[in-house]
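Please read the points below with the sequence and the model open beside them. They are meant for someone who has not looked at this protein before.

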Amino acid sequence: MGRGRRLSGGELPDPRRAAERLDLDLGGLLTGMDTRTLRAWSWVHRWSSLVSTLFLLMLCLTGLPLVFSHEIDEALLHRDWRPAAPGRVLTLDEVLDVALARHPGEVPAFMSFDEDRPVVNVTSVDPAGPPGRYTFQPIDRTSGDPAPPVAGHPVMEFLLQLHTDMFLGLPGMLFLGLMGLLLAVAVVSGVVLYAPFMRRLPFGTVRADRRAPIRWLDYHNLLGVVTVAWVLVVGLTGVVNTLAVPIIAYWKETSLEALAAAHEAPAAPGERSSLEAAVQRARAALPGRTLQFVAFPGSDYSTDRHYAVFFHGDTPLTRHLTTPALIDARTGELTAVAATPWYVKTLSLSQPLHFGDYGGLPLKIVWALLDLVTIVVLASGLYLWLARRRKARA
């Protein structure tokens, strides 16, 4: 038979073209895996990748500058500031009174503390105002004067919001969490498909003499396998981060409420005891830790009856693990030290692990390089799918 001869209405394929088509469609994986299983895994890998690829590309592109968000904000927004009266320190009650006097009718929600400045950040809310609208006041603890806020650059804030929930709130977070799960499925199915492929070709082989789709298939497989552990870690920690709202809500409704079950009535603002004394009592209950923030009664991180005073450790790992002491807001007595459940610890560790924010600048550079490689893997996967569709139409 000649190469151009037709049989049953079709042209006999060129053997080399046929082999390349098999490589592009199924990765040459027939060795060691039956055809039905191969096609099932190939279908799972293709569609889990296709459904999530555009969103994952968005997450990788926005995540790249976010890895260096602290360094970028410091470079673009750094301003020298000195406290007004060094050596003098207002009590936390005095700071709170100053903050609330500037916004009559509002009630405190949170109080946090700058690590490198004598500045206390008071977050308050108007009970009669729109839900979720807060007033944020950085206050110089040496004088009570307003202090310049340590805020992110507007571009970085935009990228963070896009990366976190696409400006859709909780539905956007949960949707991106679903995309993260699809990424995990795509990675696992890709490894399953690549395992028998390695029996036919040495690991890392790139067939540079073949057509562009075959070369990019080899690059896609190689880079995907090299980064598989990192992609799974970043993808799954991202999924955990998207569940922050329901995780905190569940923790508050179960563990925190159980600790406060002995109290019957919420603490009214006028009935609250000294905040300074409450923090000192909590510090005595958790010695050797760093004060992180205070959640006031009725806020998301506390109960209706307690100051929740949060502390964290001082090592690169424990600084992301918080432990609250619950102080009765009316009596000032210690109610309990709330042991942090495993799911809250998982959430606390997921965000720094997701952005590589626990090993300094060298680790961030590694994270950024792996992010770039992942962008290549995602883009090459999309290119291979388009090449396959063009071949099918032809």
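**Notes on the model**

1. Phenylalanine 167 is found in the loop between α5 and α6; helices (H or I, at least four residues) and strands (E, at least two) are DSSP runs, numbered from the N terminus. Its phi is near 65°, a positive value in a residue other than glycine. At 46% relative accessibility, phenylalanine 167 counts as partly exposed; buried means under 20% relative accessible area, exposed over 50%, and partly exposed in between (1.4 Å probe, protein chains only).

2. Methionine 166 lies in that loop, between α5 (154–165) and α6 (169–200). Methionine 166 is not a glycine either, yet has a positive phi of about 55°. With 18% relative accessibility, methionine 166 counts as buried.

3. On the basis of these notes: this is a predicted model, in which local features need pLDDT of at least 70 and side-chain atom pairs count only at pLDDT 80 or more, while totals for chains, interfaces and linings use all residues. Residues are numbered from 1 along each chain as its sequence is written, and side-chain values use heavy atoms, with hydrogens and water left out.

4. How confident is the predictor? The protein averages a pLDDT of 84, and 87% of the residues score at least 70; pLDDT is the predictor's confidence in each residue, from 0 to 100. Over residues 1–32 pLDDT stays under 50, and the model has 53 contacts beyond four places in sequence for this stretch. Contact means heavy atoms within 4.5 Å.

5. The overall make-up is as follows. The secondary structure comes to twelve helices and nine strands. Of the 394 residues, 43% count as buried. Among contacts between residues at least 6 apart in sequence, 63% join residues at least 24 apart. The protein exposes about 20,800 Å², and carbon and sulfur atoms supply 63% of that area; accessible areas come from the Shrake-Rupley method with a 1.4 Å probe, and for residues only the protein chains shown count as cover.

6. Which residues of the largest nonpolar core touch the most other members? Of its 24 residues, they are Met111, Val122, Leu275, Tyr307 and Val309. The elements giving two or more residues to this core are α4 (92–101), β3 (107–113), β4 (119–125), α10 (275–285), β6 (290–295), β7 (306–312) and β8 (322–328). A second, separate core of 23 residues includes Leu66, Met156, Ile375 and Leu378. A nonpolar core is a set of buried Ala, Val, Leu, Ile, Met, Phe, Trp, Tyr and Cys residues joined through side-chain atoms within 4.5 Å. In soluble globular proteins, nonpolar side chains tend to be buried together.

7. Leucine 275 can be followed in more detail. Not counting residues up to four places away in sequence, leucine 275 touches Leu92, Asp93, Leu96, Met111, Val294, Phe296 and Tyr307.

8. A search of the whole structure finds 13 aromatic pairs. Rings of Phe, Tyr and Trp (its six-membered ring) pair if their centres lie within 6.5 Å; planes under 30 degrees apart count as stacked, over 60 as edge-to-face and the rest as tilted. The rings of tryptophan 230 and tryptophan 367 have centres 6.0 Å apart and planes at 80°, so this pair is edge-to-face. Tryptophan 230 belongs to helix α8 (residues 228–242) and tryptophan 367 to helix α12 (residues 360–393), so the pair ties together parts 137 residues apart in sequence. Tryptophan 230 is buried at 11% relative accessibility, and tryptophan 367 is buried with a relative accessible area of 8%.

9. Phenylalanine 296 and tyrosine 307 form an edge-to-face pair, 5.9 Å centre to centre with 80° between the planes. Phenylalanine 296 is in the loop between β6 and β7 and tyrosine 307 in strand β7, eleven residues apart. Both phenylalanine 296 and tyrosine 307 are buried. Separately listed, Phe110, Trp251, Phe293, Tyr301 and Phe310 form one aromatic cluster.

10. Histidine 320 is found in the loop between β7 and β8. Is this residue buried or exposed? Histidine 320 counts as buried, at 16% relative accessibility. Leaving aside neighbours within four places in sequence, histidine 320 is in contact with Ser348, Leu349, Pro352, Asp357 and Tyr358. Histidine 320 and serine 348 are 28 residues apart in sequence and 5.8 Å apart in space, C-alpha to C-alpha.
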